[in-house]
Amino acid sequence: MQSEADLADLLGTGSRRLTTYLGALIALKIVLLFLLAWNSRFVMDEFGQLGYAKYLLNGLFATVQPSKAAGSTAFYKLAHLIGWDATSILLVGRIQTVLIGWAIVAMIYACARALGEDRLRALVIVLLLLCFSNFMERVFRTIAEPLALFFAVAALLVVLRARELGGRQLVAAGILSGLSFLATQKSVYFNVALGLGLVADAALARRYAAGVARGAWLVLGWTVPIIAYCFIFGGTDPVPIAKNLVFGPIEVATRGGDEYGGLRRFVLQTLARNYVLYVVCFSGMALSLAQIMKLDGRRRIALIFSVVITVLIFAHNQPWPYVFIMAQPFMSLWSLTMLDGLAARARYLRLAWIALVTAVAISFVANLLYLRIDNAAQLELVARAESLLTPDERYFDGIDMLPNRMEPTTLWLDKHYVLATLRDGKDSEAYNVLSKSPPKLILWSYRMDYIYPVVAPLIVNSYVRVAPNLRIVGSRLYLGEPRTFDVPIAGSYALYSADGTPLRGQVEVDGAVGDPPFQLTTGPKAVTLRNGSGEALLLPTGSYAGHFKAGGDDDFLFDGVYD
């Protein structure tokens, strides 16, 4: 293992100066991580997982019955409490998660030091972690994986920093592992990896009884938060919550990514974009495995944990780009091992360092380029949609883009439910919702385009576009031209201009001419604009001035989020 002085000498600079350089690069990455969190376009899953928090203690398990664990839901409830509108809730959620990302980076540094790395080498390990494109582009996402990763890294750190692995330390690690599982059941990967690391280390040392004891203490700690979770949400009847926690995600897991098709391309994507980093990490783990019997207990546990979690993540049947952040921090701990193996071959060692330095430089360029995939259009849509709804009015989009407004259903229009909607037609949940509990507003995206053949009869004569990607209950009238308005929501209706300004005029409704506002019952109505301007919008009575916008739908709201 190269010392701090050897590393500084190899790179042609003093140890203190090199530490300063590394600290500056890491600080710049930390700043970039915040800018990416604030600026990057939202992935659809982020809206859904952040938005679920509005149901916490408000029917989460009574009406929603999420198939995923609700730990991250509780975490993101803080964003709902801090935020003052939909946009601020989304951005506060991003800030929460980027703070989690920073904490993960700090704990990886602490793990490296616990494994015997000096300060300089630990800083290099942290910098290389921050050069993985997946980590920089995904660890701030308002989804469950960053929170789960936080607890998993903390659990490993507890094990690595323990002077002696006794029951107290193992129970603490188990509790952290359980909290990781409560963030997302996908964290069973972390739980298995840590358990195998602890037990296999003892077995390799022929301390079989100690291995059994370690496993028992770990499981004991793991069950503490699980049991507490079931009673917190289930009260006197925790069994349904326990069943949901264990069996809820099985359908999703067994269904896999088959309906999407081609998800393995994201494995190739991350390998291609980070191939230098993967080469040094994979090689480091392989070389360490070859010497596993010579490693001390801490390094052996960390190595087994890292190898197991890496294999499980890369074999995962739904390898979306954010999944890889669950492995990359642990892989990075072994990023310098291959270079240690080249210590006696100065030429190859220098070439390896040149490759790494080049990869670091390229990563900064990639981070800056990713800033172009911004969220301005998404946040504008969210703000505009919120302005058109009072707190008690509902909307639909199948994505949950408004975290502070309710929907008539929690239907999530992923590929599975899009296909189910197309298959079931009028018997589908989407059709039933729009026909029996019609929302005032529909936020339009390509997922609504997918199900349009089914829901078109409920949209065409009942909703009108008033801004890109926004349809509101109403009808566009032209002077003297009869139209059919199939009123989905009974109530008071009035006339408005294309920019939302109230208009005067007379409207004939089923043969009777009157001055709006007037009451309309549900069902099809023959409506005609009889006087006034040449064009008007017949909408539910409200304050719309300045909230409408001309233009077609933005087809690129979610474009590039996985690029």
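Predicted model: local features only at pLDDT ≥ 70, side-chain atom pairs only at ≥ 80, totals over all residues.
1. L28, V31, F34, L35 and W38 make up a nonpolar surface patch, and together they have about 440 Å² of accessible area.

2. Is W38 buried, partly exposed or exposed? W38 counts as partly exposed because its relative accessibility is 41%, and that class covers values between under 20% for buried and over 50% for exposed.

3. Now for the second largest pocket, which has a volume of about 420 Å³. Its lining has 20 residues, and S133, R273, I362, S363 and A366 are the closest to the centre.

4. Which helix gives the most to the lining of that pocket? That would be α20, with 8 residues. Helices α8 (133–138), α15 (265–273), α16 (275–290) and α20 (346–370) each bring at least two residues to this lining. By class, the pocket lining splits into 12 nonpolar, 4 polar and 4 charged residues.

5. The largest cavity has a volume of about 40 Å³, and V43, D45, E46, R138, R141, I143, Y322 and Y562 line it. That lining has 4 nonpolar and 4 charged residues, with no polar ones.

6. The second largest cavity comes to about 30 Å³. Its lining includes E117, R121, R299 and D340, along with the run L333, W334, S335, L336 and T337. Here the classes are 3 nonpolar, 2 polar and 4 charged.

Definitions and conventions: Residues numbered from 1 in each chain as written. Heavy atoms only, no water. Patch = residues over 30% accessible without salt bridge, like charges linked within 9 Å, V, L, I, M, F, W, Y side chains within 5 Å. Areas by Shrake-Rupley, 256 points an atom, 1.4 Å probe, with all protein chains shown as cover. Salt bridge = Lys/Arg side-chain N within 4 Å of Asp/Glu carboxyl O. Buried < 20%, exposed > 50% of the residue type's maximum accessible area, 1.4 Å probe, protein only. 1 Å grid on protein atoms, 1.4 Å probe; cavity = no way out; pocket = protein on both sides within 12 Å on 5 of 7 lines; lining within 4 Å. Points joined across faces, edges and corners; volume = space filled by probe spheres on them. Helix = DSSP H or I, 4+ residues; strand = E, 2+ residues; numbered from the N terminus. Nonpolar A, V, L, I, M, F, W, Y, C, P; charged D, E, K, R; others polar.
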